[in-house]
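Here are my notes on this model, point by point. Please read them with the structure open.

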Amino acid sequence: MGVCGQPRRQGALSVDRSHRGAPASLRFAPFAAALAIGAASTASAAPPLTVCMAENNPPLSYAVGGELRGLDVRVAQGVAAELGRPLQLVPFESKYEAESTLAHEVNALLSSGVCALASGFPLLAGDLGLASRPTSRVPDHPGAKRAPLREWVTLGTLVPSRAYHAVALALLVREPARETATLGQLGDARIGVVAGTMAGTAVTLYRNGKLRAQQVSLSKNEDALEALDAGRIDATLASLDRYDAWRLAHPVSGVRRAAYVHPLRINIGLVARDDAPEVMAAANRVIERALASGELQRWSAETGTTWIAPADPQVGRAIGLAELMAE
């Protein structure tokens, strides 16, 4: 659910989209088979905790060979253990169509009973609470009908857990000599920007346009990290999650972090409907313990995630120019 920086591109570990136009029942067949096996083995036990997570949001959640991996999986495992219930992961694919937003799609998944929790959710006030529209369709997920046949779901009220991660923008470079660089001390580096993204806007506004002479404009169809890796630019600003996803897909790439991290933070947490207080209480207990014990940092390291501590307030406001221009 990349929330800032460049649009995500497919990588070596991304889920296969060769069946992109096929019904969800075909594209999610590996997941459906795995879930069926799990359900059969736990039929007489407690009902599973169902957690929806994006199928292509590395390093938080992503699919490899029909199996979901990432930090979100580890957090979901902790919540299921806290409740004493088996875990059932439900991957979904968001297409961000004009008729819906991520918040509407997640709300529809929860409100239709597909899952009790959803992970990797940006904790922004405008996407929480009462839905901004009465109904929405669910996104692609195992067992979903073809898009035109999906019913409109009456949406509920979304409540957030405590944040377990935060998104931050970092300066990325290619040459080792630039690893100590900051936006204020870029030297002669060409910095790539994608217009219309948070990262691109932050670079353009930096110190009232200090870097405009060094900017290399990239189209929305271009991947700034690909341009950086190829040497077309010397630096770019991108989310650390995007950088982690790049490392997972390109382990031998020369793209590396520099010293600079933008002060903007967007907290990431779990969401549920307001009629699931026990599940949300368990999620908060797990997250609070993991924050206090350092387990979240360990889980992040194990899943290839650069962990950024969540910032207060837990739920942020809409991102504006003031936040992007912060220094």
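1. Ala-63 stands opposite Leu-68, a residue of S4. Strand S3, residues 61–64, runs antiparallel to S4, and three bridges join the two. Together with S2 they make an open sheet of three strands, ordered S2-S3-S4, with antiparallel pairing. Its edge strands are S2 (56–57) and S4 (67–69), each of which pairs on one side only. As background, strands of a sheet pair through backbone hydrogen bonds, in either the parallel or the antiparallel sense.

2. The chain as a whole. Keep in mind that this is a predicted model. The chain has 327 residues, and 49% of them count as buried. Its secondary structure amounts to 10 helices and 17 strands. Take the contacts between residues at least 6 apart in sequence: 77% of these join residues at least 24 apart. The accessible surface is about 14200 Å², and carbon and sulfur atoms account for 53% of that.

3. The five-strand sheet. What is the strand order in the open sheet of five strands? The order is S14-S13-S15-S12-S16, and the pairing is mixed. Strand S14 (215–218) and strand S16 (256–261) form the edges, each pairing on one side only. On average, neighbouring strands here are turned by 40 degrees against each other, direction ignored. Helix H7 (residues 240–249) packs on this sheet. H7 touches S12, S15 (235–239) and S16, and its direction makes about 105 degrees with that of S15.

4. Strand S12, residues 169–173, pairs with S16 in the antiparallel sense. Three bridges hold this pairing in the model. For a residue to check, look at Leu-172: its bridge partner in S16 is Arg-257.

5. The disulfide. How many disulfides does a search of the whole structure find? The search finds one. Its partners are Cys-52 and Cys-115, with sulfur atoms 2.2 Å apart. The link spans distant parts of the chain, 63 residues apart. Cys-52 is in strand S1 (residues 49–54), while Cys-115 is in the loop between helix H4 (102–111) and strand S6 (117–122). Both cysteines, Cys-52 and Cys-115, are buried. The torsion about their S-S bond is about -110 degrees, so the disulfide is left-handed. In general, a disulfide is a covalent bond between the sulfur atoms of two cysteines.

6. The whole structure holds 14 salt bridges. One of them pairs Glu-82 with Arg-285, whose closest N and O atoms are 2.8 Å apart. Glu-82 sits in helix H3 (residues 71–83) and Arg-285 in helix H8 (residues 277–293), so placed 203 residues apart in the chain. Are these side chains' residues buried, partly exposed or exposed? Glu-82 is partly exposed, with a relative accessible area of 26%. Arg-285 also counts as partly exposed, at 36% relative accessibility. Arg-289 belongs here too: Glu-82, Arg-285 and Arg-289 are linked in a network of salt bridges.

7. A buried salt bridge. Arg-150 and Asp-140 meet through their side chains in a salt bridge, at 2.1 Å from N to O. Both residues lie in the loop between strand S8 (135–136) and strand S9 (153–154), so the pair ties together parts that are 10 residues apart in sequence. Arg-150 has 9% relative accessibility and therefore counts as buried. Asp-140 is buried as well, at 6% relative accessibility. The general rule is that side chains of opposite charge can pair when their charged atoms come close.

8. A further salt bridge. Asp-275 pairs with Arg-273 in a salt bridge. Their closest N and O atoms are 3.0 Å apart.

9. A glutamate to look at. Is Glu-323 buried or exposed? Glu-323 is buried, because its relative accessible area is 16%, and the cut-off for buried is under 20%. Glu-323 is found in helix H10, residues 321–324. Leaving aside neighbours within four places in sequence, Glu-323 is in contact with His-262, Leu-264, Arg-317 and Ala-318.

Note on methods:
Residues are numbered from 1 along each chain as its sequence is written. This is a predicted model: local features need pLDDT of at least 70, side-chain atom pairs count only at pLDDT 80 or more; totals for chains, interfaces and linings use all residues. Side-chain values use heavy atoms; hydrogens and water are left out. A disulfide is a pair of cysteine sulfur atoms within 2.5 Å. Helices (H or I, at least four residues) and strands (E, at least two) are DSSP runs, numbered from the N terminus. Buried means under 20% relative accessible area, exposed over 50%, partly exposed in between (1.4 Å probe, protein chains only). Contact means heavy atoms within 4.5 Å. Accessible areas come from the Shrake-Rupley method with a 1.4 Å probe; for residues, only the protein chains shown count as cover. Two strands pair if DSSP finds at least two bridges between them. Axes are lines fitted to C-alpha atoms, for helices over the stretch in contact, and angles run from 0 to 180 degrees between N-to-C directions. A salt bridge is a side-chain nitrogen of Lys or Arg within 4 Å of a carboxyl oxygen of Asp or Glu.
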